[in-house]
Amino acid sequence: LPQFIEQLQKADVDVRDEVIKVLILFEEGGAPAIPVLIENLQYRDARVRRRAAEALGLLGPLATSANA
């Protein structure tokens with residue numbers, strides 16, 4: 001997971017988009033990426049922002065329920 005988080009901070013648009021798709025597959029395991037996904041809501045490319053919002057919509061509730 002750390003490699004994916006690093007890519008979300010440094011990679012180009014296409015890589016970020018693909019990494020976010022993979023993080024969604026992690027389900028609860030993707031929760032550590034939530035802070036970086038939130039940062040990507042401000043990214044310059046709309047596709048990355050949209051994908052980050054999608055991931056947060058899916059991972060947010062999972063992370064919350066996993067901590068309950």
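This is a short tour of salt bridges to select in your viewer.

Before you click, note that the model is predicted: local features need pLDDT of at least 70, side-chain atom pairs count only at pLDDT 80 or more, and totals for chains, interfaces and linings use all residues. Residues are numbered from 1 along each chain as its sequence is written, and side-chain values use heavy atoms, with hydrogens and water left out.

The structure holds eight salt bridges, each being a side-chain nitrogen of Lys or Arg within 4 Å of a carboxyl oxygen of Asp or Glu.

**Stop one.** Select Lys10 and Glu6, whose closest N and O atoms are 3.5 Å apart in a salt bridge. Both sit in helix H1 (residues 2-10), four residues apart, so about one helical turn separates them. Helices here are DSSP runs (H or I, at least four residues), numbered from the N terminus. Lys10 is exposed at 63% relative accessible area, while Glu6 is partly exposed at 38%. Buried means under 20% relative accessible area, exposed over 50%, and partly exposed in between (1.4 Å probe, protein chains only).

**Stop two.** Move on to helix H2 (residues 13-25), where Lys21 and Asp17 are also four residues apart, about one helical turn. Their salt bridge has its closest N and O atoms 3.9 Å apart. Is Asp17 buried or exposed? Asp17 is buried, at 3%; Lys21 is partly exposed, at 33%.

**Stop three.** Now select Asp45 and Arg47, a salt bridge with closest N and O atoms 3.9 Å apart. Asp45 is partly exposed at 22%, and so is Arg47 at 31%.

Terms used:
Helix = DSSP H or I, 4+ residues; strand = E, 2+ residues; numbered from the N terminus.
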